[in-house]
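This briefing is intended for a reader with the sequence and the model at hand. Please consult both while going through the points below.

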Number of protein chains: 2
Amino acid sequence: MSWFDRHQALIDRALKAANERSYWSPFSEMPSPKVYGESAQADGKSAFESYCGGPFELDQAGQRGWITPEASPYGLSLNVAYPNCDPQALIAAAQAAMPAWQAAGARERVGLCVQAITELNARSFEIAHAVMATTGQGWMMAFQAGGPHAQDRALEAVAYAWQEQSRIPAESVWEKPQGKNPPIRMRKQFEIVGRGVALVIGCGTFPTWNTYPGLFAALATGNAVIVKPHPNAVLPAAITVRVMRQLLAAQGFDPNLVSLCVTDKPEVTQALATHPAVASIDFTGSNAFGRWLIEHCRQAQVYAELAGLNHVLIDSTSAYKALLDNLAFSLCLYSGQMCTTPQAILVPQGGIETDEGPKSLEAVQTDLAAAIDRLLAKPEVACAVLGAVQSKETLERIEVAGSGAWGRVVRPSAALVHPEFSGAQIHSPLLLSCSMEDEAAYMQERFGPIAFVVSVPSTEAAVQLSERMVREQGALTVSVYSTRESVIEALTRATWRSRVALSINLTGPVYVNQSAAFSDYHGTGGNPAANASYADSAFVANRFRVVQRRQHID
Amino acid sequence: MSWFDRHQALIDRALKAANERSYWSPFSEMPSPKVYGESAQADGKSAFESYCGGPFELDQAGQRGWITPEASPYGLSLNVAYPNCDPQALIAAAQAAMPAWQAAGARERVGLCVQAITELNARSFEIAHAVMATTGQGWMMAFQAGGPHAQDRALEAVAYAWQEQSRIPAESVWEKPQGKNPPIRMRKQFEIVGRGVALVIGCGTFPTWNTYPGLFAALATGNAVIVKPHPNAVLPAAITVRVMRQLLAAQGFDPNLVSLCVTDKPEVTQALATHPAVASIDFTGSNAFGRWLIEHCRQAQVYAELAGLNHVLIDSTSAYKALLDNLAFSLCLYSGQMCTTPQAILVPQGGIETDEGPKSLEAVQTDLAAAIDRLLAKPEVACAVLGAVQSKETLERIEVAGSGAWGRVVRPSAALVHPEFSGAQIHSPLLLSCSMEDEAAYMQERFGPIAFVVSVPSTEAAVQLSERMVREQGALTVSVYSTRESVIEALTRATWRSRVALSINLTGPVYVNQSAAFSDYHGTGGNPAANASYADSAFVANRFRVVQRRQHID
């Protein structure tokens, strides 16, 4: 039984969910022994620990040494040594691997990809430890976002890749009537060919969630993939690549269809990205490097998720306390290091109407700060929610913001001590207050646990500001709180024009940061924050081309 | 009954054909009175004649005068005056028209597009006269390629646009189980929004066939479209735009969803193409301008069909005479002014095996020249097949080629007198002979009735040369004649690597130049000749984006 046959029900169900946009996930987001096995937790931990302090063998082409680039935001000693491979050798090996992958056809490719995803699912604990240690995420997020949710996004991409490829017939008979004469008959054959070597450049915060869609979309459509992880979050990608190389080899394919390029030198990545053989690039990261890629990599399709200016508009609410709690959680979760975390909170200067009566701007600021304090009151909860700060740049940014350079400090950031990891870089969110005019402060991404309460003259002005922020700076998420249909309608129309997803009155257990595979499009692909979406047809349809041949038949 | 309901069977049938890649066309390619009506021919001619020498009113925004740019390759006096409109006003009007078009939804948009196509079909004679007079095509090609075949390609694009949009649900209920607790329930709504104003830049030779796919794909996916025809082939586009504006207005939509920008100044087109509001550009034309667009129009998706180096490899044949006749017709049809016409004919220097015994390279050259002579023996047939030469640049190119600058002249081009149009620029194909080393001669597009017999050391060398030509220069078509499976297999694999369509042993009534909608992909989108294909999912899927909103429900 082929992998495709074995997984067909899963693929069909995934496509049904994606086309209905309803809730569905085949992978349990709870790290439960009942689902993952009694020993899964211990096995995952010990697998992770076994990597630390040693070489991570991948048996790749062009290895010329080892590289040990990671520093853990939790202060753990990782010291995993990865192969340092000549990029040109990786490309040559990838190219050599492609013809047999093309010949296998879409069905076999998709079946193998789904099998890989299920094997990655079985390794969720191991991957979660690797994600947590390298990114600074809290354990639960590392498990969910690094494991099942990333696997969901992978499966979603493969499902779309199957949907688009499955409708290309292998061949057809073209029979054109000729009146009373016999028809003209031709056999036409259609070959799906990949575009070329795919490069997937990961980020330091979500090394699987943001890598899997491009990796699996490119592989399923017939391309060999080189994964270039962020130098500080290599291990989750390395485990993924090893699982896939082993599976490919076991199935008789060249393992070089998936390889890992570890480097901390931007010029190496640049040379790889501009290589004539590289036909597609998936990138998650900074505006600066993303724009460089778009500018310089003309030979490739670039799918880029860059920085954005996510924001919340608070007009009024019938659940003030729940609003504050929901928003506080959004700001605290992984210390604001999600691409979907709100940065600016737009509040009318005259205050807002709530179920607890009118609240002044000042009161909203204070109450939000208090809600954050409340959420973080217990140190173990605080550390679990906040995780650790991933990068030096973010630590520096917290300092600048704390100095008052970008606005009045409503709630200072505080360093926390992790009960388990003494070296962990843990810092609670910093809340600033500024006015709509202070664009130099809030009108660019301040990645990390830094948020601005921006006072606006009116809700109408806030709607206009929102549209301009998205058009000019981009955003992955906009959120609104209002009891007035007219406000929701106005912001809905603004988000249609600026092309950004809108969450309305989130006061329950769903947060604006969260994006559910098969249902929520992550990024619209229509504003500067991202030129593509997880996932839709556009994310996969241009990763392969169809080459036809035709000849007469009797 | 909505237009969609009225045309649903047609749309479904079109999608079935596109997904089966079998023969199908809803529009008769024969200009028969039985199909188009007894008076269609006369009505079409008189409609065409009524345009000549007068203003072509479109009632567009920002009109600041008239422009009369066309010169007929048949020497006809056209003197049609078109509105000269301020491009900024056209863009503003297009933007203003888009919200209601978005609100109408995919179903209504697609229905209206199909209705427009059927109305254009009813005007096939009128459009054919306009195509013939402006492009120099012979009557039958002007009717078929300018009318029903262009309409087929339009319908194909709309069918794909429907396929991709129809699977986006308007809304869904997302219900996430919470164990023993009630599920989390959210309503999610999904709005399909166009990318922005679409610009469709036409070419001088196929003003409908190469314009309709982009025009209809962009319109059906929610975008307003500005059609910028080639200054020498405006009338077919102008008639199309008028039909569509009238239909839009009659349905209560803003007619500025489709407008015409007539200019003969490249700087006007450049300003339009780089305008921040222009989100997609469809272009058919020269490499120079196409590359300029790709280089400079970073704000837009560019779908470009550029020059290429189509070629034929002759290894051996079991039908020598039929091969010569087929190839001669391909070279003569519209004087080689098709983007699919072969330019280089690769023949082993040691000659080829045929059903008439071995033929030397010299014999193949002579016999092909003779086949062209035979086809063009009757002046009325010659004029009908050749049509007229569209541009001054092509006339100049024929002269340079005739001087022997690019190789030995095997068959000189001759001027012909058209029995009906004394001013027609008619020139038979020029056949040159050169060697594989003479890359300066044949290794770039020499658009028009100029072909090279290129002598190659061996068939194997020809296969390698073919792959390199496609990779470096691009091609829309490659054709092979061989009785050896190994040769066909080798070239098949080469075309997979270089990503170009292959025609095998065409010796009957199908020519390599011809590309049938719903079955043949026109361009693979995978080599330098074109970065997109008529038509596939990739041609439509990135022309719209999905903007979602979500909120809790009970």
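The structure is a predicted model. In chain A, the domain assignment gives two parts, domain 1 (3–12 + 37–306 + 533–552) and domain 2 (311–504). In chain B, every residue of H5(B) is buried, 12 of 12, and H8(B) is likewise mostly covered, with 9 of its 9 residues buried.

**Domains of chain A**

- The centres of domain 1 of chain A and domain 2 of chain A, taken over C-alpha atoms, are separated by 34 Å.
- Domain 1 of chain A contributes 16 residues to the contact between the two, and domain 2 of chain A contributes 17 residues.
- On the domain 1 side, helix H6 (residues 139–146) of chain A supplies the largest share, 3 residues.
- That side of domain 1 of chain A comprises 7 nonpolar, 8 polar and 1 charged residues.

**Helices H1 and H7 of chain A**

- Helix H1 (residues 3–20) of chain A packs on helix H7 (residues 148–166) of chain A at an angle of about 95°, and their axes are 9 Å apart.
- H1(A) is therefore roughly perpendicular to H7(A), since angles of 65 to 115 degrees count as such.
- From H1(A), the residues Ile11(A), Ala14(A), Leu15(A) and Ala18(A) take part; they meet Leu155(A), Glu156(A), Ala159(A), Tyr160(A), Trp162(A) and Gln163(A) in H7(A).
- The contact of H1(A) with H7(A) has 8 nonpolar, 1 polar and 1 charged residues.

**Helix H5 of chain B**

- Helix H5 of chain B covers residues 124–135, and its end C-alpha atoms lie 16 Å apart.
- This agrees with expectation, because 12 residues at 1.5 Å a residue should span 16 Å, the span being 1.5 Å times one less than the number of residues.
- The buried residues of H5(B) include Phe125(B), Glu126(B), Ile127(B), His129(B), Val131(B) and Met132(B).
- The partners of these buried residues in chain B are helices H2 (33–36), H3 (40–51), H4 (87–122), H6 (139–146), H7 (148–166) and H9 (235–250).
- Gly136(B) follows H5(B) and has a positive phi, near 90°.

**Helix H8 of chain B and its packing on H4**

- Helix H8 of chain B spans residues 212–220, and its buried residues include Tyr212(B), Pro213(B), Gly214(B) and Leu215(B).
- H4(B) and H8(B) pack with their axes 9 Å apart, at an angle of about 150°.
- The two helices, H4(B) and H8(B), are therefore roughly antiparallel to each other, as angles over 145 degrees are counted in that class.
- In this contact, H4(B) provides Arg109(B), Val110(B) and Cys113(B), while H8(B) provides Phe216(B), Leu219(B) and Ala220(B).
- By class, the contact of H4(B) with H8(B) consists of 5 nonpolar, no polar and 1 charged residues.
- After H8(B) comes Gly222(B), whose phi is also positive, near 100°.

**Ile184 of chain B**

- Ile184(B) belongs to strand S4 (residues 181–194) of chain B.
- Ile184(B) is partly exposed, because 16 other C-beta atoms lie within 10 Å, whereas a buried residue has 20 or more and an exposed one 12 or fewer.
- Leaving aside residues up to four places away in sequence, Ile184(B) touches Gly508(A), Pro509(A) and Val510(A) in chain A, along with Lys176(B) and Gln178(B) in chain B.
- Ile184(B) and Arg499(B) lie 315 residues apart in sequence, and their C-alpha atoms are 48 Å apart in space.

How values were computed
Residues numbered from 1 in each chain as written. Chains lettered and ligands numbered in written order. Predicted model: local features only at pLDDT ≥ 70, side-chain atom pairs only at ≥ 80, totals over all residues. Helix = DSSP H or I, 4+ residues; strand = E, 2+ residues; numbered from the N terminus. Contact = placed C-beta atoms within 7 Å. Domains from an automatic or database assignment. Nonpolar A, V, L, I, M, F, W, Y, C, P; charged D, E, K, R; others polar. Axes fitted to C-alpha atoms, helices over the stretch in contact; angles between N-to-C directions. Parallel < 35°, antiparallel > 145°, perpendicular 65-115°, else oblique.
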